[in-house]
Amino acid sequence: MLYLVRHGRTAANAEGRFQGRLDLPLDEVGERQAAAMAEHVRSISVGIDEVWCSSSLRARQTASYYGVEPTIDDRWLEVNFGIYEGLPVADMPRSVWTSWRDDVDFAPEGGESFGSVEGRVRAACADLFARAEDCDIVVVSHMTPIKTAVSWALDTTLAIFFHTQLSQAALCRIGVGRFGPTLHSFNETIPIRDV
């Protein structure tokens, strides 16, 4: 089973800002989200054999809760939003959203296309898929790569990106089926208690 976990909340998440390649730490809520999700995954897994994550600080911090030394794989990095990194999501021009939705090869100035993300994430999924037949693997990543992995599992296009919501510290499960990957769950979240 592949357990795809989105990293916990950061200050930029809380402020509604694009992060992309900005290397920001989890905030206090994000730490509690990461701990709660790791406890949940351990409770439903037969045993976590491997942990993979991007090199971003927020992904590495989230991965640290699984008790297994993570393997860093930058194919799981978030899309590079280019000149929009750090800006409020609400300030993204409508024309850019339209371009991204209509053209997988579109990239904002200094950024990356969804087609590029798709290529690297699908390759990472294919590499882990055979391994997940015999073990449970946690992948800690970001919204765009995880949605891309879900599109891979469903054998569909990135069009689902604009029709799905993936919360912070959410879990998606992809199993190894007779006919290929099978989506077992999407956007599982765990409530966190107030301190």
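I looked up Phe106 and found it partly exposed at 21% relative accessibility (buried is under 20% relative accessible area, exposed over 50%, partly exposed in between; 1.4 Å probe, protein chains only). The model is predicted: local features need pLDDT of at least 70, side-chain atom pairs count only at pLDDT 80 or more, and totals for chains, interfaces and linings use all residues. Residues are numbered from 1 along each chain as its sequence is written, and side-chain values use heavy atoms, with hydrogens and water left out.

I next examined Trp100, which is buried at 1% relative accessibility. Its ring and that of Phe106 form an edge-to-face pair, with centres 6.1 Å apart and planes at 85° (rings of Phe, Tyr and Trp, the last by its six-membered ring, pair if their centres lie within 6.5 Å; planes under 30 degrees apart are stacked, over 60 edge-to-face, the rest tilted).

I counted ten aromatic pairs by this rule. Trp97 and Trp100 make a tilted one, 6.2 Å centre to centre with 45° between the planes. Trp97 is partly exposed, at 27% relative accessible area.

I noted one aromatic cluster whose members include Phe18, Phe81, Trp100 and Phe161. The charged end of Lys147 sits over the ring of Phe161, 4.5 Å from its centre (NZ of Lys or CZ of Arg within 6 Å of the ring centre and within 35 degrees of the ring normal).
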